[in-house]
Amino acid sequence: MIIRYAEEKDIPRLNYLFESLIKYEGENYIENINMNVKITSYFNRHLSCNDVVLVAVINNIIVGYIHSIIDYDNKIKLKLEASINSLYVIKAYRNNKIGTKLVREMEQALKLKNVKYINVSNIKSNNIARTFYYKLGYNVINETRIKKI
């Protein structure tokens with residue numbers, strides 16, 4: 001397996017995987033997601049900015065990705081914190097440490113950009129993600145509450 005920075009040629013596959021993530025979460029965790037969603041341009045803009053997008057490649061096929069966004073302090077423009085926006089590994093390739101390797105490589109890439117902290121949010125009922133990030137050293141420091149009205 002190779003982990004590398006995403007390139008422009010990867011955009012269609014990344015958009016497809018992001019669409020797969022949305023559908024997976026809709027099937028398992030979130031009500032009222034449009035299951036007919038088609039993602040065609042999401043990663044077009046994220047590869048051209050300061051985000052970090054890494055892909056896991058096996059036999060020339062992208063089997064997973066991680067996308068993080070650097071949050072700038074508006075007052076002094078220091079790169080202090082980044083957010084893991086999305087992480088997805090194709091179901092057939094899960095439980096092979098691909099997600100762990102993507103996170104670790106992303107952490108190193110963000111260190112090179114002077115990021116000091118990384119945050120990640122996940123759906124509270126997604127115990128797989130909660131356990132995964134906990135094992136990687138990510139601790140809960142606050143909770144967000146939401147109410148359907």
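Guide: The secondary structure of this chain comes to four helices and five strands, where helices (H or I, at least four residues) and strands (E, at least two) are DSSP runs numbered from the N terminus. Followed along the sequence, these elements give the pattern β-α-α-β-β-β-α-β-α. The model is a predicted one, in which local features need pLDDT of at least 70 and side-chain atom pairs count only at pLDDT 80 or more, while totals for chains, interfaces and linings use all residues. Residues are numbered from 1 along each chain as its sequence is written, and side-chain values use heavy atoms, with hydrogens and water left out.

Visitor: What share of the 149 residues in the chain is buried?

Guide: Buried means under 20% relative accessible area, exposed means over 50%, and partly exposed is in between, with a 1.4 Å probe and protein chains only. By that criterion, buried residues make up 36% of the 149 residues. For contacts, the criterion is heavy atoms within 4.5 Å; among those between residues at least 6 apart in sequence, 62% join residues at least 24 apart.

Visitor: Which residues have the most contacts inside the largest nonpolar core?

Guide: A nonpolar core is a set of buried Ala, Val, Leu, Ile, Met, Phe, Trp, Tyr and Cys residues joined through side-chain atoms within 4.5 Å. The largest one here has 21 residues, and those with the most contacts inside it are I66, L102, V103, M106, L110, Y133 and Y138. At least two residues of this core come from each of β2 (52–58), β3 (61–72), β4 (79–89), α3 (98–112) and α4 (127–135), and the largest share, six residues, is supplied by α3. Apart from this core lies another, of 14 residues, among them I22, Y42, Y65 and Y88.

Visitor: How should I read a helix such as α3, and which of its residues are buried?

Guide: An α-helix has 3.6 residues a turn, so residues three or four places apart point the same way. In α3 the buried residues are I98, G99, L102, V103, M106, E107, A109 and L110. The expected span of a helix is 1.5 Å times one less than its number of residues; α3, with 15 residues, reaches 21 Å from its first C-alpha to its last, close to the 21 Å expected. Leaving aside residues up to four places away in sequence, L102 touches I3, L54, V55, A56, G64, Y65, I66, L87 and V89.

Visitor: Where does F43 lie, and which residues does F43 touch beyond those up to four places away in sequence?

Guide: F43 lies in helix α2 (residues 42–46), and F43 counts as buried because its relative accessibility is 0%. With residues up to four places away set aside, F43 touches I11, L14, N15, F18, V53, Y65 and H67. F43 and I11 are 32 residues apart in sequence, yet 5.9 Å apart in space, C-alpha to C-alpha.

Visitor: With which side chain does the side chain of H67 make a polar contact?

Guide: A polar contact is a pair of N or O atoms within 3.5 Å; within protein, one must be able to donate a hydrogen and the other to accept it, and residues adjacent in sequence count only if both atoms are side-chain atoms. The side chain of H67 makes such a contact with the side chain of D51, at 2.7 Å. H67 is found in strand β3 and is buried, because its relative accessibility is 0%.

Visitor: How many aromatic pairs does a search of the whole structure find?

Guide: Rings of Phe, Tyr and Trp (its six-membered ring) pair if their centres lie within 6.5 Å, and planes under 30 degrees apart count as stacked, over 60 as edge-to-face and the rest as tilted. The search finds two pairs. F132 and Y133 form an edge-to-face pair, 5.0 Å centre to centre with 75° between the planes. The rings of Y133 and Y138 have centres 5.7 Å apart and planes at 75°, so this pair is edge-to-face. F132, Y133 and Y138 form one aromatic cluster.

Visitor: Is N60 buried or exposed, and what is its phi?

Guide: Most residues other than glycine have a negative phi. N60, although not a glycine, has a positive phi of about 65°; N60 lies in the loop between β2 and β3 and is exposed, with a relative accessible area of 79%.
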